[in-house]
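Visitor: I am new to this structure and would like a close look at a single part of it. Please show it to me first.

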Amino acid sequence: MDDILKGKKAALIDMDGVIYDSMKYHAKAWELMMAEAGIPCTAEDVYINEGMTGPALINLLSQRAFGHGVSKERANELYGLKTKYFRQVGRNEPMPGTDRMLKALECMGIRRVLVTGSSQSTLIDNINNDYPNAFIPGDKVTANDVTKGKPDPEPYLKGLAIAGVKPEEAFVIENAPLGVRAGKAAGLFTIAVTTGPIPREAFEKEGADIIFPSMPDFADYLTTLCRDKVSE
């Protein structure tokens with residue numbers, strides 16, 4: 001089997017839709033909040049723009065609907081409301097196959113760094129419980145650590161700095177087109193896993209280096225690489 005990860009030392013891993021099967025809950029929370037704010041928003045809007053900071057997405061949808069954004073204070077207020085709704089409707093559902101994926105990366109000696117556009121503490125704080133020892137303490141970049149967020153390369157550049165590796169020594173695991181765009185802009189080999197309703201073509205358009213149809217399929221691939229490595 002071809003080893004697409006030869007020479008790689010670090011994996012920069014998205015959270016929503018990769019670590020957790022949480023995008024359906026984010027979409028519901030966004031729809032509830034935006035309906036209350038009077039700004040048109042669909043689940044598709046949430047999925048296709050995943051990775052943006054909350055205020056950035058609010059401004060994008062407001063600009064689309066009304067021709068203008070909202071104030072910083074209003075954006076923060078609305079995102080706080082979205083967070084409230086997520087706490088009501090959200091669930092900590094580990095993505096099927098992710099545990100095997102993380103263990104296979106460990107088997108290959110690849111450092112794992114969380115890089116998420118979310119600041120959702122209900123998920124971030126539970127990672128250590130759901131995936132014990134998967135991430136070294138401090139090996140994470142969240143929306144609270146960046147000023148621009150995806151699709152800007154800033155989050156992945158920060159992830160590279162944490163891992164202490166060059167772009168050619170790391171790769172991205174993403175489930176969102178904007179995340180793929182951010183990874184490519186940071187000079188990284190980018191793996192897309194279609195864990196949601198976004199079509200394969202959207203990842204191809206952003207230049208994903210390889211696309212897996214599901215997390216179990218990706219985990220199977222990595223497990224085989226691990227097995228081959230151990231038997232060498």
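Visitor: Which residues in H1 meet which residues in H3?

Guide: The model is a predicted one. On the H1 side the residues are Trp-30, Met-33 and Met-34, and in H3 they meet Gly-54, Leu-57, Ile-58 and Leu-61. By kind, the residues of this contact divide into 6 nonpolar and 1 polar, with no charged residue. Gly counts as polar here, and Gly-54 is one of the residues on the H3 side.

The geometry of the pair comes next. Two packed helices are described by the angle between their axes and the distance between the axes. Helix H1 covers residues 23-37 and helix H3 covers residues 54-66; their axes come within 13 Å and cross at roughly 55°. That angle makes H1 oblique to H3. The handedness of the crossing between H1 and H3 is right-handed.

Strands of a sheet pair through backbone hydrogen bonds, either parallel or antiparallel. Strand E1 (residues 10-13) and strand E4 (residues 170-174) run parallel and are joined by 4 bridges. In this pairing, Ala-10 stands opposite Ala-170 in E4.

Other helices lie across the strands.

Most residues other than glycine have a negative phi, and most peptide bonds are trans. Asn-133, in the loop between helix H7 (127-130) and E3, is not a glycine, yet has a positive phi of about 65°. Its relative accessibility is 67%, so Asn-133 counts as exposed. A cis peptide bond joins Lys-150 to Pro-151, with omega about 15°.

To return to the part you asked about: H1 and H3 cross at roughly 55°, and the residues of their contact include Trp-30 from H1 and Leu-61 from H3.

Methods: Residues are numbered from 1 along each chain as its sequence is written. This is a predicted model: local features need pLDDT of at least 70, side-chain atom pairs count only at pLDDT 80 or more; totals for chains, interfaces and linings use all residues. Side-chain values use heavy atoms; hydrogens and water are left out. Two strands pair if DSSP finds at least two bridges between them. Helices (H or I, at least four residues) and strands (E, at least two) are DSSP runs, numbered from the N terminus. Axes are lines fitted to C-alpha atoms, for helices over the stretch in contact, and angles run from 0 to 180 degrees between N-to-C directions. Angles under 35 degrees count as roughly parallel, over 145 as roughly antiparallel, 65 to 115 as roughly perpendicular and the rest as oblique. A crossing is left-handed if the near helix is turned anticlockwise from the far one by less than a right angle, and right-handed if clockwise. Contact means heavy atoms within 4.5 Å. Buried means under 20% relative accessible area, exposed over 50%, partly exposed in between (1.4 Å probe, protein chains only).
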